[in-house]
Amino acid sequence: MNRVVSAPGSQPSLREANSARIIEAVKAYGRITQVELASVTGLSPATVSNIVKQLLESGLVETSATTRSGRRAQLVSLRSSSALAVGMHIGRRSLDLVIADASLEVLASTRLPLPADHRSDTTLDRAALLVADLADDVGADMGRVAGVGLALPSSVGRGGRTGAFQLPGWEELDVDQLLSARIERPVLVVKEADAAAMAESRLGALRGASSAIYVHASHTTESSLVLGGLVHAGFRGGAGALGHVRVDPAGLICRCGARGCLNTVVSGEALAESVRVSHGPMDLRAIVKAARDGDPGCRQVVADAGAVVGRALADLATVVAPERITWGGDLAGVGETFVGPLREAVRGRPLLPAVEELLAEPSFPLDGCARGALVAIHDVIIASATGSVEG
């Protein structure tokens, strides 16, 4: 295909560059109003309106009516594509899946409970079947599934290999290859906390924030840093290891080999040990349920966890100076019992903004990891498949 090359600084060249900026913004946010497009691209509302009209005529985008703050607005999204993407989250006790189109609109979702210490081969077999079932639920076949994003509760090294500490029996597995062989589709593995941060940053509570922190408190505690609107991986993907920040110099030895890490104090194992004498054997799921049901001992354990995580989070926030913070995970799912002490720990740091300004309720407390994995695979495969305007 011949491409017309415009002189630098010419009107056609500027129009092409502005069109590319708008296309990239629509790709990033899935669905976005023209007012929001003007904000994120820095273009004038009139320029955005004219370019959107041109893109609409060329078939690259589509528009729909919506209401924002009581006023009618025009939503802009990429033209609907036959390609679909799947976001998947394999956790300690559940398997979550969402399927979406090119505009990141979730068309269907499902959740499957998993037994404790579930086997990798059995779980991946189930996951493959559920991907096919989900495609069928939206009237599609596997040929329309362009790829799968998979969030795992672990560190992810080179080649998509999972860390050794999060899913027992999954040590050093090439999970992306194993699942890809089952569904014959590309699979992209991302860290659990990073996936949830992607969902909140692009579609939820962290949307529009140039810098943010997401903290995931579950069987272990991890976090994810959003810098410049993007998840910051750090050297060898090691950014956000909040669970390995030292909180007790005289504490227990962590699985990483250091002493007194946050994960030795706030983890499924640590919390189970703290209620063992009073309640007998309990796993994290049971502790969370009991806390929600009002059990005083379990509520105290969860509140103590919120305070410890809050202090570590406040340290991190003091260094990073984020614009916004949100949270997720099983412990955060208990609600104010966990979040209240976390909020108070952050409130106690005078260099940080007021918690009412800094802390934001998560938009996706239940399926944020799956939605974030969807965003990740969308960026790699779906967005490129829809085409773009060259600048």
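The crossing of helices H4 and H5 is right-handed. In this predicted model, H4 covers residues 120-137 and H5 covers residues 175-183, and the two pack at an angle of about 45° with their axes 9 Å apart. An angle of this value makes H4 oblique to H5. On the H4 side, the contact is made by Asp121, Leu124, Asp125, Ala127 and Ala128. H5 contributes Val175, Leu178, Leu179, Arg182 and Ile183 to the contact. By class, the residues of this contact comprise seven nonpolar and three charged, with no polar residue.

**Other helix pairs**

Helix H2 (residues 34-41) packs against helix H3 (residues 45-58) at an angle of about 115°, and their axes lie 9 Å apart. The crossing of H2 and H3 is right-handed. Gln34, Leu37, Ala38 and Thr41 of H2 make the contact with Pro45, Val48, Ser49 and Val52 of H3. Five nonpolar and three polar residues form the contact of H2 with H3, and no charged residue takes part.

H9 packs with helix H10 (residues 296-320) at an angle of about 110°, with the axes 8 Å apart. This angle makes H9 roughly perpendicular to H10. From H9, the residues Ile287, Ala290 and Ala291 meet Cys298, Arg299 and Val302 in H10. The contact of H9 with H10 divides into five nonpolar residues and one charged residue, with no polar residue.

| Helix pair | Angle | Axis separation |
|---|---|---|
| H4 and H5 | about 45° | 9 Å |
| H2 and H3 | about 115° | 9 Å |
| H9 and H10 | about 110° | 8 Å |

**The largest pocket**

The volume of the largest pocket is about 840 Å³. Its lining consists of 40 residues, and those nearest the centre of the pocket are Arg111, Arg292, Gly329, Asp330 and Pro365. H9 gives the most to the lining of the largest pocket, with five residues. By class, the lining of the largest pocket has 14 nonpolar, 13 polar and 13 charged residues.

**The second largest pocket**

The second largest pocket has a volume of about 650 Å³. It is lined by 31 residues, of which Arg92, Arg255, Ser267, Gly268 and Glu269 are the closest to its centre. Helix H7 (268-274) and H9 each supply at least two residues of the lining of this pocket. The most is given by H7, with five residues. The lining of the second largest pocket divides into 14 nonpolar, eight polar and nine charged residues.

**The cavity**

A search of the whole structure for cavities of 30 Å³ or more finds one. The volume of the largest cavity is about 30 Å³. Arg92, Asp117, His118, Leu167, Pro168 and Trp170 line this cavity. Its lining is made up of three nonpolar residues, one polar residue and two charged residues. Arg92 is a lining residue of the cavity and is also among the residues closest to the centre of the second largest pocket.

Notes: Residues are numbered from 1 along each chain as its sequence is written. This is a predicted model: local features need pLDDT of at least 70, side-chain atom pairs count only at pLDDT 80 or more; totals for chains, interfaces and linings use all residues. Side-chain values use heavy atoms; hydrogens and water are left out. On a 1 Å grid over the protein atoms alone, a cavity is a set of points where a 1.4 Å probe fits but cannot get out, and a pocket is an open set with protein on both sides within 12 Å along at least five of seven lines; lining residues have an atom within 4 Å of a point. Grid points are joined across faces, edges and corners, and a volume is the space filled by probe spheres set on the points. Ala, Val, Leu, Ile, Met, Phe, Trp, Tyr, Cys and Pro count as nonpolar, Asp, Glu, Lys and Arg as charged, and the others, Gly among them, as polar. Axes are lines fitted to C-alpha atoms, for helices over the stretch in contact, and angles run from 0 to 180 degrees between N-to-C directions. Helices (H or I, at least four residues) and strands (E, at least two) are DSSP runs, numbered from the N terminus. Angles under 35 degrees count as roughly parallel, over 145 as roughly antiparallel, 65 to 115 as roughly perpendicular and the rest as oblique. A crossing is left-handed if the near helix is turned anticlockwise from the far one by less than a right angle, and right-handed if clockwise. Contact means heavy atoms within 4.5 Å.
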